[in-house]
Amino acid sequence: FEGVIKNTIKISADSLDIRKSGVSNVHMTFETDKKNIARYATPMGEMMIGIATNQIYVDEAEDSIKVKVDYSLDINYEHVSNCEIILDVYSKQKAYMNLTSC
């Protein structure tokens, strides 16, 4: 499907929030040792996702932030995958951002 999805990411020492808005909409919260449920709305329909976060690692330096999140993903209450998000954000001087996920 075509369209734009805007992602807003908030990072704290023990959690990560990702909000997607546009063609698909969801607010995903990753918190260590917690399972969060969210409604993921897509053009093909809605699904319930469960995010059971095992570990969050945040390394903040003067000109960069590195985040690693290990979690288990459920869709409509069935386990589908063990996942990892790795987020590397650098200052404008370094002008680099990299995001990988499962």
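Colleague: How many aromatic pairs does a search of the whole structure find?

Modeller: Rings of Phe, Tyr and Trp (its six-membered ring) pair if their centres lie within 6.5 Å; planes under 30 degrees apart count as stacked, over 60 as edge-to-face and the rest as tilted. Here the search finds one such pair. F30 and Y71 form it, edge-to-face, with 4.9 Å centre to centre and 70° between the planes. This is a predicted model, where local features need pLDDT of at least 70 and side-chain atom pairs count only at pLDDT 80 or more, while totals for chains, interfaces and linings use all residues. Residues are numbered from 1 along each chain as its sequence is written, and side-chain values use heavy atoms, leaving out hydrogens and water.

Colleague: Which strands hold F30 and Y71?

Modeller: Strands (E, at least two residues) are DSSP runs, numbered from the N terminus. F30 is in strand β3 and Y71 in strand β6, 41 residues apart, and the pair links distant parts of the chain.

Colleague: Is F30 buried or exposed?

Modeller: Buried means under 20% relative accessible area, exposed over 50%, and partly exposed in between (1.4 Å probe, protein chains only). F30 has a relative accessible area of 1%, so F30 is buried. Y71 is buried too, at 7%.

Colleague: Which residues touch the most other members of the largest nonpolar core?

Modeller: In soluble globular proteins, nonpolar side chains tend to be buried together. A nonpolar core is a set of buried Ala, Val, Leu, Ile, Met, Phe, Trp, Tyr and Cys residues joined through side-chain atoms within 4.5 Å. The largest one here has 17 residues, and M28, F30, I49, I51, V69, Y71 and I85 touch the most other members. Two or more residues each come from β2 (15-22), β3 (26-31), β4 (35-42), β5 (45-60), β6 (64-75) and β7 (78-90). The largest share, four residues, comes from β6.

Colleague: In what order do the three strands of the open sheet lie?

Modeller: Two strands pair if DSSP finds at least two bridges between them. The order is β1-β2-β3, with antiparallel pairing. β1 (5-11) and β3 are the edge strands, each pairing on one side only. Seven bridges join β1 to β2, and K10 stands opposite D17 in β2.

Colleague: Which residues is N54 in contact with, leaving aside its neighbours within four places in sequence?

Modeller: Contact means heavy atoms within 4.5 Å. For N54, the residues are T32, D33, D70, Y71 and S72. N54 lies in strand β5 and is partly exposed, with a relative accessible area of 48%.
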